[in-house]
Amino acid sequence: MDPERLLAQLERILPRYDRPVPRYTSYPTAPVWREDYGPDAFLEDLGAGAGAPDEGLSLYVHVPFCASLCHFCACNRVITRDPALPERYLDTLQREIEAVREVLPAARTATQLHWGGGTPTHLSPDQIRRLYETLIQAFPLRPGAEVSVEVDPRVTGEAHVEALRACGFNRISMGVQDFDPRVQQAIHRAQPVEMTAALVERARRSGFESVNLDLIYGLPYQTEESFRETLDSVLALQPDRLALYSYAHVTWVAKQQRGFERKNLPEPATKLRIFLLAIRRLLDAGYLFIGLDHFARPDDELSRALADGSLRRNFMGQTTQAGVDLLGFGPSAISELRASYAQSHRDLPSWHAAVAERGVATLRGFRLSRDDVERRWLISSLICLGEIRAEEYRARFGAELREGYADELGRLAPAAEDKLVTLDEEGSVRVTDLGRVLVRNLATVFDRHLPEAGADSRPTFSRAV
Ligand code: SF4
């Protein structure tokens with residue numbers, strides 16, 4: 001669709017859609033998970049396992065430490081320069097990994113490993129090697145495993161890159177956010193283009209197969225013009241993948257965001273223009289829009305997964321590992337099993353204490369009903385693939401989509417009038433180019449738990465745009 005027409009249409013309908021909506025990295029969303037789901041329930045679900053005893057696993061490790069606080073950040077992080085904290089963290093992590101390993105069949109090894117944070121390269125190269133050894137002794141990696149890490153260019157030196165490559169990491173993701181010095185000053189993250197460029201160069205030279213760069217739109221002082229310049233600098237680095245996140249103004253989670261003057265944040269219409277500008281620029285540069293906030297080169301495996309319908313989404317972002325159990329380690333880490341979620345204590349002292357007591361630190365979780373499993377599939381299909389196919393629903397769940405979800409499909413009629421979706425007589429839903437921008441709103445139609453998630457009227461989710 002012509003970008004100017006797309007923008008004009010979006011501006012016209014946006015007031016009806018720009019409201020708080022979940023990001024749907026899980027279904028049901030985290031606010032409805034329950035604290036009566038604790039370590040016993042998690043260990044039981046882990047041990048019960050619904051799949052084959054040699055099924056692969058996806059592993060996530062949350063390294064919570066950062067040297068300084070970026071003012072936009074809503075991640076779970078501990079700002080510290082105390083070297084004792086990472087050492088103690090590694091001791092506890094070892095215990096947690098061993099406790100999970102004990103209840104799983106030995107043949108369950110890993111097909112994917114990802115370290116996020118926080119800042120994984122806050123760890124020293126020796127600590128990186130130690131953590132990696134602990135993990136692969138417990139969960140050997142299968143040949144061809146995807147091994148990825150998030151790094152902060154401001155603290156990642158040559159020795160870190162070498163240690164990561166020697167361990168076997170093959171994908172690296174760098175936070176950039178924005179290259180404009182004025183924006184960087186406002187968000188408290190000074191990171192010149194040259195610093196990022198040097199790290200990209202170093203990573204490629206040492207053999208990383210894939211480099212991802214993260215950007216955020218909607219930050220203080222951003223304009224279309226300033227973000228165009230950031231995009232030019234980013235594209236000159238030729239990343240293999242790009243993530244373009246919407247800044248989430250969630251001051252009830254990230255109190256330091258209160259320091260941002262509302263007047264310095266771009267207006268919703270400007271934020272939308274920046275987003276559309278970025279999409280256009282990245283498409284022109286040859287990237288494919290993988291959906292929601294991810295872009296990749298056409299030969300990237302995410303692009304292939306989008307084309308063959310296997311693309312899915314989990315807490316680590318878009319993934320090709322559909323249906324693989326995800327095990328999360330570290331404070332606040334989330335595990336996603338076939339029919340349950342479990343999240344560990346967020347703050348470091350509680351996580352240490354819980355692991356010391358029980359081996360795992362489950363704070364809350366959720367067991368999915370059959371209805372939840374269906375709706376998770378519907379929402380995931382809509383968000384990741386831009387469609388729900390009635391025949392695929394029938395093959396998977398043995399029922400007719402238009403009968404089981406007549407009410408939900410009826411509630412999509414206004415979105416069809418707004419040209420966000422098309423519906424056919426079997427109930428198949430297809431998201432249009434216009435609808436992709438607001439796909440989180442469309443997904444809410446299938447979310448039976450949404451009233452519970454916002455039931456106490458506290459702000460819970462970030463806005464759609
Ligand atoms: S954005 Fe990254 S580096 Fe900055 S505080 Fe958050 S987790 Fe740490």
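This is a predicted model: local features need pLDDT of at least 70, side-chain atom pairs count only at pLDDT 80 or more; totals for chains, interfaces and linings use all residues.
**Close-up 1. Tyr 60 and the residues around it in strand 1 and beyond.** Let's start with Tyr 60, which sits in strand 1, a run covering residues 57–63. Is Tyr 60 buried or exposed? It's buried, because 21 other C-beta atoms lie within 10 Å and 20 or more is what it takes to count as buried. Leaving aside residues up to four places away in sequence, Tyr 60 touches His 114, Gly 116, Phe 315, Met 316, Leu 326, Gly 328, Phe 329 and Ala 333. Take Leu 326 from that list: 266 residues separate it from Tyr 60 in sequence, yet the C-alpha atoms of the two are 7.2 Å apart.

**Close-up 2. An open sheet of three strands, in the order 17-19-18.** The pairing here is antiparallel. Strand 17 (387–388) and strand 18 (421–423) are the edges, each pairing on one side only. Strand 17 is joined to strand 19 (residues 429–431) by two bridges, and across that pairing you'll find Glu 387 opposite Arg 430 of strand 19.

**Close-up 3. Helix 5 crossing helix 7.** Helix 5 spans residues 158–167 and helix 7 spans residues 193–206; their axes come within 10 Å and cross at roughly 35 degrees. The crossing is right-handed. Who makes the contact? On the helix 5 side it's Glu 158, Val 161, Glu 162 and Arg 165, and on the helix 7 side Arg 202, Ala 203 and Ser 206.

Notes. Residues are numbered from 1 along each chain as its sequence is written. Helices (H or I, at least four residues) and strands (E, at least two) are DSSP runs, numbered from the N terminus. A residue is buried if 20 or more other C-beta atoms lie within 10 Å of its own, exposed if 12 or fewer, and partly exposed in between; C-beta atoms are placed from the backbone. Two residues are in contact if their C-beta atoms, placed from the backbone, lie within 7 Å. Two strands pair if DSSP finds at least two bridges between them. Axes are lines fitted to C-alpha atoms, for helices over the stretch in contact, and angles run from 0 to 180 degrees between N-to-C directions. A crossing is left-handed if the near helix is turned anticlockwise from the far one by less than a right angle, and right-handed if clockwise.
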